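Hello,

Here is the structure I promised to pass on. Please look it over before reading my notes below.

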Amino acid sequence: MTTPADLAAVPAEPSAEERRFAEIIEADSRIEPRDWMPEAYRKTLIRQISQHAHSEIIGMQPESNWITRAPSLKRKAILIAKVQDEAGHGLYLYSAAQTLGIGREEMNEQLLAGKARYSSIFNYHTPSWADMGAIGWLVDGAAICNQVPLCRASYGPYGRAMVRICKEESFHQRQGFEILLELMQGTPAQREMAQDSVNRWYWPSLMMFGPPDDESPNSAQSMAWKIKRFSNDELRQRFVGMLVPQAEALGVTLPDPELKWNEEKQAYDMSEIDWTEFQEVLAGRGPANAERMRRRREAHEDGAWVREAAAAYARTQAERKAVA
Ligand SMILES: [Fe+2]
Ligand SMILES: [Fe+2]
């Protein structure tokens, strides 16, 4: 005889749509906006894509700070183009998130209300010109390592947005490397400025990959859904492996005395990351958290007339169309 307790213990048969979803994931194919998807998958993607979009937009601030002080016309043009690219990345990503049923306004409200996160890396100050080099080389470099695998993310609009973003990120990384290279071939003061900047950005850039694997509870599910393809620690290792020969070419020292290749592990040994610093910045107590949010709020208010004008234009166009 079957009792109610036995019934509860038997897992429900997956529905046709659940099976279809699982098949698409299994086949490495793509989930598109009109496909059925589990609610948790949708929520995870909204959180990840909107955080990513917010990071691109807030990420414009540390560098736009240097546009008026760039050392030459050429450097100014490159920096303006880079900061504009980041605005574009934010827009592609907000659009990708919108296909999951969340509005742009709502995402923006979450950011301004401090309910949505953005990457902690943008809560550090940029006191020297060399920081434009270190950000491009290390921060955009870490972003590439994180984002290239996302080009194959199981959600179609996200993966496609990432393809274009990654192409632009490689230019960002390259221009940062080149700024540092020029400084490293300059005067002792310029070399010192470049090294000081690398010292300040190296550890925060390693923290961009997120907490160690054993403390990253959502990672396994994201990997099963093929949103994420590699773990935080795997990506961090890959990044360090990319940096070591580039640091040699630049002539800068990576500020980790423990950093060395471990033949047996086929990976780099490195010092313990200071996760208390990471947690502090994440909790809103980093050097520039308050300033970044204040500036974003001001920019949003300053842009009100643009949004109103665009809405008025759209209304007139629609009215004209209706009359015709
Ligand atoms: Fe970007
Ligand atoms: Fe970038």
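Helices are DSSP runs (H or I, at least four residues), numbered from the N terminus. This is a predicted model, where local features need pLDDT of at least 70, side-chain atom pairs count only at pLDDT 80 or more, and totals for chains, interfaces and linings use all residues. Residues are numbered from 1 along each chain as its sequence is written, chains are lettered from A and ligands numbered from 1 in the order in which they are written, and side-chain values use heavy atoms, leaving out hydrogens and water.

The iron site comes first. Glu56 (OE), Glu86 (OE), His89 (ND1) and Glu169 (OE) coordinate the iron ion (ligand 1) at 2.0 to 2.2 Å. Donors here are N, O and S atoms within 2.8 Å of the metal (3.2 Å for Na, K and Ca); water is not among the atoms, so sites may look incomplete. The iron ion (ligand 2) is 3.4 Å from the iron ion (ligand 1), and Glu86 coordinates both. Glu56 sits in helix H3 and His89 in helix H5, so the pair ties together parts 33 residues apart in sequence. Both Glu56 and His89 are buried (under 20% relative accessible area, 1.4 Å probe, protein chains only).

Now the lining of the largest pocket. Helices H3 (39-58), H5 (73-98) and H8 (156-184) are among those that each supply at least two residues. H3 gives the most, with seven residues. By class, the lining has 22 nonpolar, 17 polar and eleven charged residues. Asp, Glu, Lys and Arg count as charged; Ala, Val, Leu, Ile, Met, Phe, Trp, Tyr, Cys and Pro as nonpolar; the others, Gly among them, as polar. A pocket is an open set of points on a 1 Å grid over the protein atoms alone, where a 1.4 Å probe fits, with protein on both sides within 12 Å along at least five of seven lines; lining residues have an atom within 4 Å of a point.

Best wishes

Key:
Buried means under 20% relative accessible area, exposed over 50%, partly exposed in between (1.4 Å probe, protein chains only).
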